[in-house]
Amino acid sequence: SKDPTDFVNMVSTIFRAEGEPKRTPTPREQAFAHLSFSVLHEWRTLPGLADDGSIDADHLTEWVRAARLALADSGRASIGDEQIGQVLASSPVGSDGVWPAEAVREIIENVGNARIDTGLHIGKTNQRGVTSRGVFDGGDQERVLEQQYRDMASKIATRWPRTARILRGIADSYQHEARRNDAEAERMGDDG
């Protein structure tokens with residue numbers, strides 16, 4: 001998270017450049033690709049995040065700019081932007097209690113890239129991990145999360161409208177998941 005070069009190398013190892021033909025990687029390349037995938041999947045450090053929880057917005061902005069340029073030069077702009085969005089998902093909450101932090105919101109608004117937005121959404125929902133619930137509980141957990149994201153979106157909609165739209169998209173996915181879990185609980189009740 002200090003220098004985007006390693007990040008760009010990992011993305012380049014996992015994903016082919018646009019228009020690059022398929023080829024069989026060497027065993028060493030395969031091993032590095034597996035390691036790179038693990039690192040990117042487990043990434044939890046926002047570039048510019050200090051030990052005290054503050055964010056160096058200039059470092060973060062420069063990291064994103066440099067990563068985007070290098071990824072574009074390597075023919076991986078689209079997938080690279082999505083991966084950057086997933087890195088940005090590691091953001092802490094902002095000083096106003098809304099996720100993501102203000103520095104990340106500024107990047108979202110200023111860059112205005114749908115692939116970064118998608119990566120942020122995917123990254124945040126993937127951080128939830130595995131859940132457990134009673135057989136007949138339905139989507140109660142998801143409804144709580146849906147409401148939290150809708151509340152956060154409404155708090156920032158005026159100043160950070162693009163970020164608010166991402167938060168509403170996350171809320172919509174939790175709403176959909178809640179309905180799916182409700183249907184599954186109902187089905188289980190009918191079968192029982």
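In which helix does Gly169 lie? And what surrounds that part of the chain?

Analyst: Gly169 lies in helix 8. A word of caution first: this is a predicted model. Gly169 has a relative accessible area of 21%. The cut-off for buried is under 20%, so Gly169 counts as partly exposed. From Gly169 to Ile116 is 53 residues in sequence and 14 Å in space, C-alpha to C-alpha.

Now step back to the whole chain. The protein chain has eight helices and zero strands. Its pattern along the sequence reads α-α-α-α-α-α-α-α. The C-alpha trace spans about 55 × 45 × 30 Å along its principal axes. Of the 192 residues, 36% count as buried. Take the contacts between residues at least 6 apart in sequence: 68% of them join residues at least 24 apart.

Helix 8 matters to the next topic, the core. In soluble globular proteins, nonpolar side chains tend to be buried together. Here the largest nonpolar core has 37 residues, and Phe7, Ile84 and Leu88 touch the most other members. Several helices each supply at least two residues of this core, among them helix 1 (4-14), helix 4 (77-88), helix 6 (114-126) and helix 8 (161-191). Helix 8 gives the largest share, six residues.

Leaving out residues up to four places away in sequence, Leu88 touches Leu46, Leu60, Val64, Val104, Ile107, Ile108, Ile116 and Leu120.

Just after helix 5, Gly112 takes a positive phi of about 60°. Most residues other than glycine have a negative phi, and most peptide bonds are trans. The peptide bond from Trp99 to Pro100 is cis, with omega near -5°. Pro100 lies in the loop between helix 4 and helix 5.

Lys124 lies in helix 6. Lys124 is buried, yet has no salt bridge. The nearest side chain of opposite charge is Asp96, 13 Å away.

Last, return to Phe7, one of the core residues that touch the most other members. A pair of aromatic rings is described by the distance of the centres and the angle of the planes. The whole structure holds four aromatic pairs. In one of them, the ring centres of Phe7 and Trp43 are 5.6 Å apart and the planes are at 80°, so the pair is edge-to-face. This pair links distant parts of the chain, 36 residues apart: Phe7 is in helix 1, and Trp43 is in the loop between helix 2 (27-41) and helix 3. Both Phe7 and Trp43 are buried. Together with Trp63, they form one aromatic cluster.

How values were computed: Residues numbered from 1 in each chain as written. Predicted model: local features only at pLDDT ≥ 70, side-chain atom pairs only at ≥ 80, totals over all residues. Heavy atoms only, no water. Core = buried A, V, L, I, M, F, W, Y, C linked by side-chain atoms within 4.5 Å. Buried < 20%, exposed > 50% of the residue type's maximum accessible area, 1.4 Å probe, protein only. Helix = DSSP H or I, 4+ residues; strand = E, 2+ residues; numbered from the N terminus. Contact = heavy atoms within 4.5 Å. Lys, Arg positive; Asp, Glu negative; His and termini not counted. Salt bridge = Lys/Arg side-chain N within 4 Å of Asp/Glu carboxyl O. Phe/Tyr/Trp six-rings, centres within 6.5 Å; stacked < 30°, edge-to-face > 60°.
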